[in-house]
Amino acid sequence: MASFSASLLQPQHPTPAKSSDVSLQSPLLYRTNLPFRSLDGFRFLRNGSVSTNRIDAFTHRAQAVIDSGVEISDVPILTASEVVERLRSSRENSKGKQEFLAMYSSVVGGITTDPAAMVIPMDDHMVHRGHGVFDTAAIMDGHLYELDQHLDRILRSASMAKITLPFDRETIRNILIQTVSASRCQKGSLRYWLSVGPGDFQLSPSSGCHQPALYAIVIQDQSPFDSKGVRVVTSSIPIKPPQFATMKSVNYLPNVLSKMEAEEKGAFAAIWLDEDGFIAEGPNMNVGFVTKEKELLMPRFDKILSGCTAKRVLTLAEGLVREGKLGSVTVRDVSVEEGKQADEMMLIGSGILVRPVVQWDEQVIGDGKEGPISQALLNLILDDMKSGPPTVRVAVP
Ligand SMILES: Cc1ncc(COP(=O)(O)O)c(C=O)c1O
């Protein structure tokens with residue numbers, strides 16, 4: 001006990017401790033796996049101005065820890081501004097390809113462009129119960145693509161998840177556009193969530209959640225859409241039942257595991273089959289086929305997510321029918337055998353647009369190369385994003 005107290009008190013020494021110091025070798029004081037140890041650690045180590053109360057508190061805690069045999073760690077207690085500071089350095093240290101330009105939160109009632117402040121409350125039921133729905137819209141040349149189609153879908157999802165709206169549709173739409181405007185983003189995506197809201201840690205929102213929430217974030221992504229053919233596998237992760245697959249809720253664990261399964265097998269995505277064995281969808285994309293008879297074929301949307309991109313592809317494909325490049329466009333049940341025998345297979349979604357598939361499991365699709373119809377559909381969608389009608393392009397002021 002004596003040596004333990006001494007090691008706790010030792011860091012009050014004004015000179016910085018060396019790694020050879022006994023105190024740093026103690027598991028009680030030196031935990032290399034704790035983030036920010038070097039930034040703050042035991043704050044009283046540095047300035048020596050901590051009150052005796054605090055030291056006593058630590059000593060008592062240490063005694064309790066020794067008694068219980070559990071290891072103590074140097075977790076600092078932070079002020080709100082220290083938390084924000086640490087969030088900022090954490091963001092800066094983990095900068096990826098995507099940049100977060102602006103976030104709206106109805107909890108604070110405004111937009112921030114500081115990534116360190118882009119947080120949501122822990123007691124929001126969307127965080128700890130998955131009681132939230134979300135949607136997206138691509139940003140291209142300062143325009144939101146298919147915003148209204150995605151908005152309609154998130155409102156449908158919210159209704160299915162029994163989430164009342166924090167604002168009416170028009171207000172939500174205006175907030176989303178204003179958030180993109182504040183971000184000055186030209187190319188990237190807008191993601192937004194409707195949540196039953198913060199309140200408590202119960203299961204039902206009925207007693208604690210008094211105000212549903214809207215969150216939105218603008219993500220800059222300058223990478224071009226890839227048209228290189230990919231490989232897919234059949235997912236062994238069970239598909240969500242139709243009630244949940246048709247709703248875009250935040251419960252994406254099956255989708256995540258399905259995508260990870262694909263990656264583990266060196267593939268781009270895993271394809272779900274429905275309970276009758278028909279082709280369903282990918283983890284965040286729909287699928288389409290071009291048969292030998294030049295029919296564009298897509299699985300029905302009644303048990304899967306009704307993809308906004310897939311629906312738009314079906315409309316734009318009519319142009320290829322008029323040009324004679326396609327014979328027809330059909331939505332119906334598609335068997336695995338029919339899918340694997342198709343001339344072309346493609347993945348369709350707002351994140352990838354149209355991505356040709358050249359192999360599914362062991363089966364090479366068509367001649368194993370990216371098909372001309374997939375390429376034509378990708379070009380049609382890209383043109384639509386850049387110069388489509390106002391029904392699919394909303395200018396951001
Ligand atoms: C499960 C699932 N299916 C299909 C899609 C494609 O939908 P959209 O084209 O609207 O992006 C998504 C999109 O995220 C999805 O999550």
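At what angle do the axes of helix α7 and helix α8 cross? Roughly 125°, and the axes come within 11 Å. Here α7 covers residues 147–160 and α8 covers residues 169–183. Axes are lines fitted to C-alpha atoms, for helices over the stretch in contact, and angles run from 0 to 180 degrees between N-to-C directions. So α7 is oblique to α8. Under 35 degrees counts as roughly parallel, over 145 as roughly antiparallel, 65 to 115 as roughly perpendicular, and the rest as oblique.

Some ground rules. This is a predicted model: local features need pLDDT of at least 70, side-chain atom pairs count only at pLDDT 80 or more, and totals for chains, interfaces and linings use all residues. Residues are numbered from 1 along each chain as its sequence is written. Helices are DSSP runs (H or I, at least four residues), numbered from the N terminus.

Confidence next. The chain's mean pLDDT (the predictor's confidence in each residue, from 0 to 100) is 86, and 82% of its residues reach 70 or more. Over residues 1–60, pLDDT stays under 50.

Now a second pair. Helix α11 (residues 308–322) packs against helix α13 (residues 372–387) at about 110°, with axes 10 Å apart. These two are therefore roughly perpendicular. Who touches whom? On the α11 side we have Thr309, Arg312, Val313, Leu316, Ala317, Gly319 and Leu320. They meet Ile373, Ala376, Leu377, Leu380, Ile381 and Asp384 of α13. Contact means C-beta atoms, placed from the backbone, within 7 Å. By class, that is nine nonpolar, two polar and two charged residues. Nonpolar means Ala, Val, Leu, Ile, Met, Phe, Trp, Tyr, Cys and Pro; charged means Asp, Glu, Lys and Arg; the others, Gly among them, are polar.

Last, the ligand. Which helix gives the most to the shell around the ligand? That is α11, with three residues. The residues around the ligand include Asn255, Glu281, Cys308, Thr309 and Ala310. Each has its C-beta atom, placed from the backbone, within 6 Å. The shell has four nonpolar, seven polar and one charged residues.

Terms used: Two residues are in contact if their C-beta atoms, placed from the backbone, lie within 7 Å.
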